[in-house]
Amino acid sequence: MTAPAQRQLALLVSVAGAVIVALDGTILLVAQPSLRRDLGASMAQIQWTSTGYLVAVAALLVIAGRLGDRYGHPRLLLVGVLGFGAASAGIALAPTVGWVVVLRVVQGGFGALLQPATLALLRLTHPSERLGTAIAVRTSAIAVAAGSGPILGGVLMAHWGWRAVFWVNVPVACVLAALVLAVRTPAPGRVDSSRLNLPGAGLLAIALAVLVHALAGVPARGWTAAPTLLELLAVTGAVALLVRHERRAAHPIVPPAVARSAPVTASMAILLVTSAGLFGALFRATFQLQDTLGLDPLTCGLRVLPLTVFMVLGSPVAGAALRRYGARRTAIAGTGLVVAGIAGLSRLDAAGAWIVMGAAFAVIGAGFATVMVTATGTVVGDAPPGYAGVVGGLKQTAMNIGPTLGIAVAAGATGSAVSTTSSALPALAALTALGLLPAWRLPRRDLTSKSALTG
């Protein structure tokens with residue numbers, strides 16, 4: 001197979017792997033009410049079908065990326081895809097909600113294996129001058145998948161019930177696995193041929209898992225509840241032990257070359273706060289639309305549709321802007337758009353015009369697409385040789401923790417998920433604005449540098 005054909009195949013695999021995960025998350029939201037009724041589950045058990053998955057993914061993403069750097073990303077991607085499909089089939093056959101929760105955790109573990117690999121494939125198969133376009137295509141596909149998930153879920157639910165939501169992953173996983181076998185990438189670099197640093201990996205997994213669990217519980221318990229404070233204290237202790245261990249370890253779980261890379265760390269910080277702002281605003285706006293304005297779910301989805309449309313349209317524009325203006329200016333502009341859009345939503349009330357709300361969502365979508373293309377391209381393009389997987393895992397970790405943080409802020413700002421947006425959205429806008437600080441650490445415009453070309 002020629003090099004251009006291999007690049008196209010790698011892009012197809014990368015997009016498909018990212019899409020199957022994005023679809024799974026949004027489709028599940030539609031299926032949960034029916035799942036609860038069918039299996040006689042409690043609300044706490046239903047919450048764990050999402051929380052368990054998030055905890056598993058967050059705990060294992062960086063470790064999965066490290067394993068991919070050592071053993072080869074196509075191999076990890078193949079295992080992840082097959083395991084993801086098998087877990088989906090198990091959930092579709094589950095007789096009780098307990099099995100659903102357990103298998104969702106398993107599914108999250110396999111999802112963690114495949115996500116960093118989808119980014120690493122692009123780095124391994126695309127030259128720097130083509131990488132930005134590939135990432136823009138991937139970002140647009142994720143936006144389409146996330147936006148169409150509730151619609152697809154509704155169709156599946158109407159005809160075949162909630163189990164079909166998981167059955168649909170099985171044939172997709174099988175086809176994707178066949179495509180992975182056809183992908184050819186360079187042999188994994190032996191920058192660090194040591195075995196996985198198990199103590200560091202364990203401490204990192206514990207810290208991330210407890211953090212996600214603590215944040216996921218904030219909407220129900222609040223920020224000042226004893227369980228929340230104890231879990232955050234445990235996270236602080238685990239992080240302190242991890243930092244101490246990493247400084248002394250011969251082969252730390254996060255290599256020094258990655259930890260010292262300003263573009264990589266800055267990009268992850270931007271993704272963390274902007275994804276928190278986006279998902280927190282969506283969480284709060286959904287309650288505003290349905291509980292305050294009295295809209296049904298379908299009408300609510302149509303009100304939010306401009307966000308998805310402008311994410312899709314904004315991705316190629318962001319790629320072009322990145323090549324012309326550089327990572328720093330583009331990231332600052334994208335972050336500013338997200339802040340402006342969230343601030344615009346905060347000024348709406350029950351009498352607000354739908355066109356104004358649609359414009360605010362459009363601005364958020366365009367800004368987030370710009371941030372995604374810029375930060376993802378910088379993370380992937382500036383990854384030190386041999387560490388594309390671990391930086392991909394770090395990037396996906398930021399993208400998994402960010403939404404959980406945003407929802408925690410949105411629910412905790414006013415103490416209730418269904419209260420007004422008056423204080424929650426300004427708090428989210430302020431949180432997102434923090435992304436302007438790391439944006440200044442990204443490279444300036446320099447068309448000859450790797451970071452500018454790979455945005």
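View 1. Ala281 touches Ile342, Leu345, Leu425 and Leu428, when residues up to four places away in sequence are left out of the count. The model shown here, as in every view that follows, is a predicted one. Ala281 itself belongs to helix H11, which covers residues 262-292, and with a relative accessibility of 1% Ala281 counts as buried. Pro403 lies 122 residues from Ala281 along the chain, yet the C-alpha atoms of these two residues are separated by 9.8 Å.

**View 2. The chain as a whole.** The chain is built with 18 helices and zero strands, and of its 455 residues 55% are buried.

**View 3. Helices H4 and H5 side by side.** Two packed helices are described by the angle between their axes and the distance between the axes. For helix H4 (residues 97-125) and helix H5 (residues 128-160), the axes come within 9 Å and cross at roughly 150°, which makes H4 roughly antiparallel to H5, since angles over 145 degrees are counted in that way. On the H4 side the meeting residues are Gln115, Thr118, Leu119, Leu122 and Arg123, and on the H5 side they are Leu131, Ala134, Ile135 and Arg138.

View 4. Thr376 is part of helix H14, which runs over residues 354-381, and at 3% relative accessibility Thr376 counts as buried. Leaving aside residues up to four places away in sequence, Thr376 touches Leu119, Ile135, Val371 and Lys395; two of these names return from the previous view, where Leu119 in H4 and Ile135 in H5 are among the residues that meet. Thr376 and Leu119 are 257 residues apart along the chain, while their C-alpha atoms are separated by 8.7 Å.

**View 5. The salt bridge between Arg163 and Asp38.** The count of salt bridges comes to two, and one of them is formed where the side chains of Arg163 and Asp38 meet, with 3.9 Å from N to O. Arg163 lies in helix H6 (residues 163-167) and Asp38 in helix H1 (residues 3-39), so the pair ties together parts of the chain that are 125 residues apart in sequence. Arg163 counts as partly exposed at 25% relative accessibility, and Asp38 also counts as partly exposed, at 47%.

**View 6. The salt bridge between Arg221 and Glu231.** Here the side chains of Arg221 and Glu231 meet in a salt bridge, with a distance of 2.8 Å from N to O. The partners are 10 residues apart, with Arg221 in helix H8 (residues 198-221) and Glu231 in helix H9 (residues 226-248). Arg221 is partly exposed, having a relative accessible area of 32%, whereas Glu231, at 16% relative accessibility, counts as buried, because the cut-off for buried residues is under 20%.

How values were computed: Residues are numbered from 1 along each chain as its sequence is written. This is a predicted model: local features need pLDDT of at least 70, side-chain atom pairs count only at pLDDT 80 or more; totals for chains, interfaces and linings use all residues. Side-chain values use heavy atoms; hydrogens and water are left out. Helices (H or I, at least four residues) and strands (E, at least two) are DSSP runs, numbered from the N terminus. Buried means under 20% relative accessible area, exposed over 50%, partly exposed in between (1.4 Å probe, protein chains only). Axes are lines fitted to C-alpha atoms, for helices over the stretch in contact, and angles run from 0 to 180 degrees between N-to-C directions. Angles under 35 degrees count as roughly parallel, over 145 as roughly antiparallel, 65 to 115 as roughly perpendicular and the rest as oblique. Contact means heavy atoms within 4.5 Å. A salt bridge is a side-chain nitrogen of Lys or Arg within 4 Å of a carboxyl oxygen of Asp or Glu.
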